[in-house]
Amino acid sequence: MKIYYALPAAAISAILLLSGCNTGDKNANQGAAANNNVANSAAASNSNEDDFKQAIDQYREYVIQQCDAFVTETAKFTAAIKDADIETAKSLYAPARMYYERIEPIAEALGDLDPNIDARDGDVDSSEWRGFHKLEQALWENNTTAGQEDIADQLLSDAKLLRAKVETVDIEASLLVTGAVELLNEVSTSKVTGEEERYSHTDLYDFAANVEGAKKIYELLEPQLKAKDAELSKNISERFTALEQELAPFKQGNDYVSYEQLQDQDVRKLSQNLDALAEPLSQMGTLLGV
Amino acid sequence: MSNHEPGMEPNSSNIRSNQDAASPAQGLLSKKISRREVLKYAGIGGIGLLLGGSGGYGLLAAQEKLSPSSKKNHDRVASMEQIPFYDQHQAGIITPAQNFLCFASFDLTTNSLSEVRKLFQLWTESASLMTSGQMLGNTNNSQNLPPSDTGEAAGLTTSKLTITFGVGPSFFDSRYGLSSKKPASFDELPSFRGDALLPEWCGGDIGVQVCADDMQVAFHAVRNLARIARGTAVMRWMQEGFQRSSTADPSGGTPRNLLGFKDGTGNPDTHDKQAMNEIVWARADNGANWMQGGSYMVARRIRMRIEIWDRSPLSDQEQTFGRYRDSGAPIGSKDEFAPLDLEAKDSSGKPLIPLNSHSRLAHTDGIKMLRRAYSYTGGIDAKTGQLDAGLFFICYQKDIQKQFISMQQKLAASDKLNEYIVHVGSAVFACFPGVRQGGYIGDTLF
């Protein structure tokens, strides 16, 4: 799994102890820092555990809320497929996916759910290919919904399964920290190149949703990050703004223009802004200690 | 460093002449002159006395005269080392990897088998000349003609140049009447999960792997082979490759790939003849009689998602490879060459070397092949502005189906490294057995 790796409990508590000493002096002798923490260990470690716990709880809440909307919108989309209402299905496709794209790292941590929901042609063996992109191909390339009823049903039940699983999924601090970067990696790997939505060219919806999901995580961790490294936090914040500004001209109401309307220099600028944001964002790991 | 130390010149007296025997195509390449001599004698008439041969033995004679304590001399000798072109097997396969690669894939434009044969004869002679540091052709000083050797390697040592030739599956289509000679099950690779192959980096009728300790020497060879081929074959794609040089790492440790990890730790020992026979050299029953002593090559252009890798935490990187970045040792071990302990578990009972880690997957089943990969960069991806860089993977084996394909199917299905790499180019070539003096590349086939 991409980002789901558990730190041993002992390591986490040690990290939390260390991060309790937010002197801002990065050269501080670790031994001294640890000693300081010992002095007020109870208060410091509890408050920091609470900090992460709070961020994690809030993130779970966010994930559940996104999943609820995802199931609702996917139900409308799959209903349109089964009604053979191609135009309605097309209009619901990209917006429904945005709820998923915002929380993709969680789905990736849940076994086969991500490939079942979101695999593109070639990502899995063709006999196992199902999910959104299979329906995307039917709608835009084949221009028919015929024979897609089972795929639609499967997609909806996969969405519901995701919703059920996020209730209890184990979310660790490390998942939050790396998850934000993973979301941007998703963008650089496939969305910014137009490879994700190869039939519908709705890549910018996914792009925007991945960035929103990353920003949500950043916002949840921002108080701690500010305390630990204010400059890094400011840097990340500014680059989110820069990227949002790059994306803004392509947004019309709640919709985004087709990827095909992007000029070469647009793609490159978006990609470079994305990398410029992802680099400092990947430094959020500093919250987890050395 | 003086050019006039005794024993250091590749003088013609200790280079065997095999000119007559090795000249199936008369004329074009008949007069031979060492590249290091050409500058000294350029413009002087009557250079017939300087004719050299193309043997690989000049070095040995030169080396004996050296003071072993002279480090500088040793460095120089290393760069002058000649790898014999005529041998039981083609050079460039079990030859220790030189610093640089220039790989060319060609498509034939002729429909005549005799023209193809002639091309291979010309290539044989020019390859034997270039690998022994000779100038090509005899019109290098004529004012009225373009020089027969393009000249950029004039004055340069042989730099361990090797040139390795093979033919792709398309070579055996209907054009030359050789369909029946196609080795059994020798085809382009099946598509693997996650492949994103670009046609401009795939296939080819002929593959030529050129390696040398100097990029200019390597490029010179490819360029001149392409020049000789004009009218008979055209280049389909070309890839330059590099790795840390022997100057940067005199110890010759395992090179690191562009992800910063040691790459090739598990490679078989090329000095182990038996292992090479089991892993690398084809027998007649590995597909075709004419491939006895040859080897099947797979080339894959594997782009690395550099920017994404660079923002991945070290723990992720090490879990991806199943090895430590610093030492190259398997997770849980200290020594780079320690065997992978696939049973080892951490305190929570999870495997120390993750199930989907690259080294674990590449290790299981005991499939072996000889890897000979180079790093590459193609500048930046014009579309995204990201680095276009990665690994130009080359491996040699006796049976592509049982070796590369079996392993790659497993890696493509579950290797954690797949998050950071994408295969964009692919080719396979049946690399001929070695050429004997008087023979030519592919003579066992034609």
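Where is B:Glu307 found? Select helix 7 of chain B, residues 306-310, and B:Glu307 will be there; helices here are DSSP runs of H or I of at least four residues and strands are runs of E of at least two, both numbered from the N terminus. Before going further, note that this is a predicted model, in which local features need pLDDT of at least 70 and side-chain atom pairs count only at pLDDT 80 or more, while totals for chains, interfaces and linings use all residues. Residues are numbered from 1 along each chain as its sequence is written, chains are lettered from A and ligands numbered from 1 in the order in which they are written, and side-chain values use heavy atoms, with hydrogens and water left out.

**First stop: B:Glu307**

With B:Glu307 still selected, colour by accessibility: at a relative accessible area of 15%, B:Glu307 is buried, a label for residues under 20% relative accessible area, with exposed meaning over 50% and partly exposed in between, using a 1.4 Å probe and protein chains only. Leaving aside neighbours within four places in sequence, B:Glu307 is in contact with A:Asp275, B:Gln386 and B:Leu387, where contact means heavy atoms within 4.5 Å.

B:Asn257 counts as buried at 7% relative accessibility, and B:Thr254 is buried with a relative accessible area of 16%.

Show the side chain of B:Asn257, one of whose polar atoms lies 2.9 Å from the backbone nitrogen of B:Leu259. Not counting residues up to four places away in sequence, B:Asn257 touches B:Asp263, B:Met304, B:Phe321, B:Ser375 and B:Leu391.

Next show the side chain of B:Thr254, which makes a polar contact of 2.6 Å with the side chain of B:Glu336; a polar contact is a pair of N or O atoms within 3.5 Å, and within protein one must be able to donate a hydrogen and the other to accept it, with residues adjacent in sequence counting only if both atoms are side-chain atoms. With residues up to four places away in sequence again set aside, the residues that B:Thr254 touches include B:Lys262, B:Asp263 and B:Phe337.

Zooming out, chain B holds ten helices and eleven strands, and buried residues make up 56% of its 446 residues.

Switch to chain A, which has twelve helices and two strands and in which 51% of the 290 residues are buried. Select helix 7 of chain A, residues 132-141, which is mostly covered, with seven of its ten residues buried; among them are A:Phe132, A:His133 and A:Glu136. Just after this helix, A:Asn143 takes a positive phi of about 55 degrees.

Select helix 10 (residues 203-228) and helix 11 (residues 230-247) of chain A, whose axes come within 9 Å and cross at roughly 160 degrees; the axes are lines fitted to C-alpha atoms, for helices over the stretch in contact, and angles run from 0 to 180 degrees between N-to-C directions. That makes helix 10 of chain A roughly antiparallel to helix 11 of chain A, a term for angles over 145 degrees. The residues of this contact between helix 10 and helix 11 of chain A divide into 13 nonpolar, two polar and five charged, where Ala, Val, Leu, Ile, Met, Phe, Trp, Tyr, Cys and Pro count as nonpolar, Asp, Glu, Lys and Arg as charged, and the others, Gly among them, as polar.

To see the contact in the viewer, show side chains including A:Ile236, A:Phe240 and A:Leu243 in helix 11 of chain A, and A:Leu270, A:Leu274 and A:Leu277 in helix 12 of chain A.

Notes
Angles under 35 degrees count as roughly parallel, over 145 as roughly antiparallel, 65 to 115 as roughly perpendicular and the rest as oblique.
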